[in-house]
Amino acid sequence: MMMGRFERDAFDTLFDHAPDKLSLVKKSLITFVNKHLNKLNLEVTELETQFADGVYLVLLMGLLEDYFVPLHNFYLTPDGFDQKVHNVSFAFELMLDGGLKKPKARPEDVVNLDLKSTLRVLYNLFTKYKNLE
């Protein structure tokens with residue numbers, strides 16, 4: 001972190017210099033998350049919006065780490081910004097418990113539909129779990 005901001009990463013470069021490759025990255029991440037979420041008969045078509053309430057992130061972490069996340073630990077149908085932030089924050093806690101580094105993104109950024117933040121979080125999961133069946 002430099003002067004209150006994170007250092008630039010591959011996603012900054014992707015957005016700034018190779019926006020044509022963005023669709024390929026999104027498609028790869030959608031394939032990865034659907035491979036797992038399909039086990040619950042869930043499907044992602046829009047990375048920009050479908051992770052913003054945190055529900056799919058929490059469920060995805062349970063699938064990747066092979067455990068059931070008790071429904072009283074998160075809001076299955078979040079009502080409002082605070083409940084969505086709670087869900088995304090909870091998913092981040094599950095990621096830390098699973099041995100991942102703390103996501104660079106803030107939960108509020110994911111909830112506010114910041115695509116770059118959502119991609120960073122999902123790519124973090126992809127790098128650890130890409131070979132998981």
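Arg106, Glu108 and Asp109 are linked in a network of salt bridges (a side-chain nitrogen of Lys or Arg within 4 Å of a carboxyl oxygen of Asp or Glu). This is a predicted model, where local features need pLDDT of at least 70, side-chain atom pairs count only at pLDDT 80 or more, and totals for chains, interfaces and linings use all residues. Residues are numbered from 1 along each chain as its sequence is written, and side-chain values use heavy atoms, leaving out hydrogens and water.

Student: How many salt bridges does the structure hold?
Tutor: Side chains of opposite charge can pair when their charged atoms come close. For the structure, the number of salt bridges is five.

Student: How many residues apart in sequence are the parts that lysine 35 and glutamate 133 tie together?
Tutor: These two form a salt bridge, with their closest N and O atoms 3.8 Å apart. Lysine 35 sits in helix 2 and glutamate 133 in the segment after helix 7 (115-129), so the parts they tie together are apart in sequence by 98 residues.

Student: Is glutamate 133 buried or exposed?
Tutor: Buried means under 20% relative accessible area, exposed over 50%, and partly exposed in between (1.4 Å probe, protein chains only). Glutamate 133 has a relative accessible area of 69%, so it is exposed.

How values were computed
Helices (H or I, at least four residues) and strands (E, at least two) are DSSP runs, numbered from the N terminus.
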